[in-house]
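Me: I've got a fold on my screen and I'd like to talk it through. Can you take my questions in turn?

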Amino acid sequence: MTIETLPINAITSTETKLVTNTFKVAEAFSKRHRDIIKKINLLECSASFLTANFCAVKYNHRGNVYDTYEMSKDGFMFLVMGFTGKKAAQIKEAYINAFNAMADKLSTGKQPTARTAPKFIQHAIQ
């Protein structure tokens, strides 16, 4: 996967916050999903931070159901802080910009669409 083909719908909105999920993070960073799940399970953060920023959910993909996590911007940043390299830096910056842009849209009353996040990410890394 190249930076030009980042995950579609990388950032989505729930009723209360903006989130991404472990499948999108794995795809963006070219890592195996199970390795991302393992990293979350090994995070050395407080229980309150973990529960506030990571939510275990079921994910249906091509007829299969997987365990995954949705995570907030803070959860995402905590998770990927240790990822290194130029590509990792570009993707981290793009995700931050996407979260912030969608938060701005929500605060102005404009509901973001599923197509909005990839455009913000593409713009951030060009």
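**Salt bridges and rings**

The side chains of D35 and R32 meet in a salt bridge, at 3.1 Å from N to O; a salt bridge here is a side-chain nitrogen of Lys or Arg within 4 Å of a carboxyl oxygen of Asp or Glu. This is a predicted model, where local features need pLDDT of at least 70, side-chain atom pairs count only at pLDDT 80 or more, and totals for chains, interfaces and linings use all residues. Residues are numbered from 1 along each chain as its sequence is written, and side-chain values use heavy atoms, with hydrogens and water left out.

Me: How many salt bridges does the structure hold?
Reply: Side chains of opposite charge can pair when their charged atoms come close. The number for the structure is two.

Me: Does D67 count as buried or exposed?
Reply: Go by relative accessible area: buried means under 20%, exposed over 50%, and partly exposed in between (1.4 Å probe, protein chains only). D67 has 52% relative accessibility, so D67 counts as exposed.

Me: How many aromatic pairs does a search of the whole structure find?
Reply: Rings of Phe, Tyr and Trp (its six-membered ring) pair if their centres lie within 6.5 Å; planes under 30 degrees apart count as stacked, over 60 as edge-to-face and the rest as tilted. Searching the whole structure that way gives a count of six.

Me: What kind of aromatic pair do F29 and F76 form?
Reply: A pair of aromatic rings is described by the distance of the centres and the angle of the planes. Both F29 and F76 are buried. Their rings are 6.5 Å centre to centre with 40° between the planes, and that makes the pair tilted.

Me: How many residues apart in sequence are the parts that the F29 and F76 pair ties together?
Reply: Helices (H or I, at least four residues) and strands (E, at least two) are DSSP runs, numbered from the N terminus. F29 lies in the loop between α1 (22-28) and α2 (33-41), while F76 is in helix α4 (residues 73-80), so the parts tied together are apart by 47 residues.

Me: What about F29 and F83: what kind of aromatic pair is that?
Reply: F29 is buried at 9% relative accessible area, and F83 is buried at 7%. F83 sits in the loop between α4 and α5 (86-107), so this pair ties together parts that are 54 residues apart in sequence. With 4.9 Å centre to centre and 75° between the planes, the pair is edge-to-face.

Me: Which residue lies over the face of F83?
Reply: A charge sits over a ring if NZ of Lys or CZ of Arg is within 6 Å of the ring centre and within 35 degrees of the ring normal. At 4.8 Å from the ring centre of F83, the residue is K31.

Me: S30 isn't a glycine, so what is its phi?
Reply: Most residues other than glycine have a negative phi. S30 is in the loop between α1 and α2, and S30 is partly exposed, with a relative accessible area of 45%. Although S30 is not a glycine, its phi is positive, at about 55°.

Me: In which strand does T68 lie, and what is its relative accessible area?
Reply: Contact means heavy atoms within 4.5 Å. Leaving aside neighbours within four places in sequence, T68 is in contact with residues including F23, H33, I37, C55 and Y59. T68 lies in strand β4 (residues 64-71), and T68 is buried, with a relative accessible area of 2%.

Me: Which aromatic cluster includes F23?
Reply: F23 is one of the residues in contact with T68, and Y59 is another. F23 forms one aromatic cluster with Y59 and Y66.

Me: How many helices and strands does the protein have?
Reply: From the N terminus on, the elements run β-β-α-α-α-β-β-α-α-α. That gives six helices and four strands.
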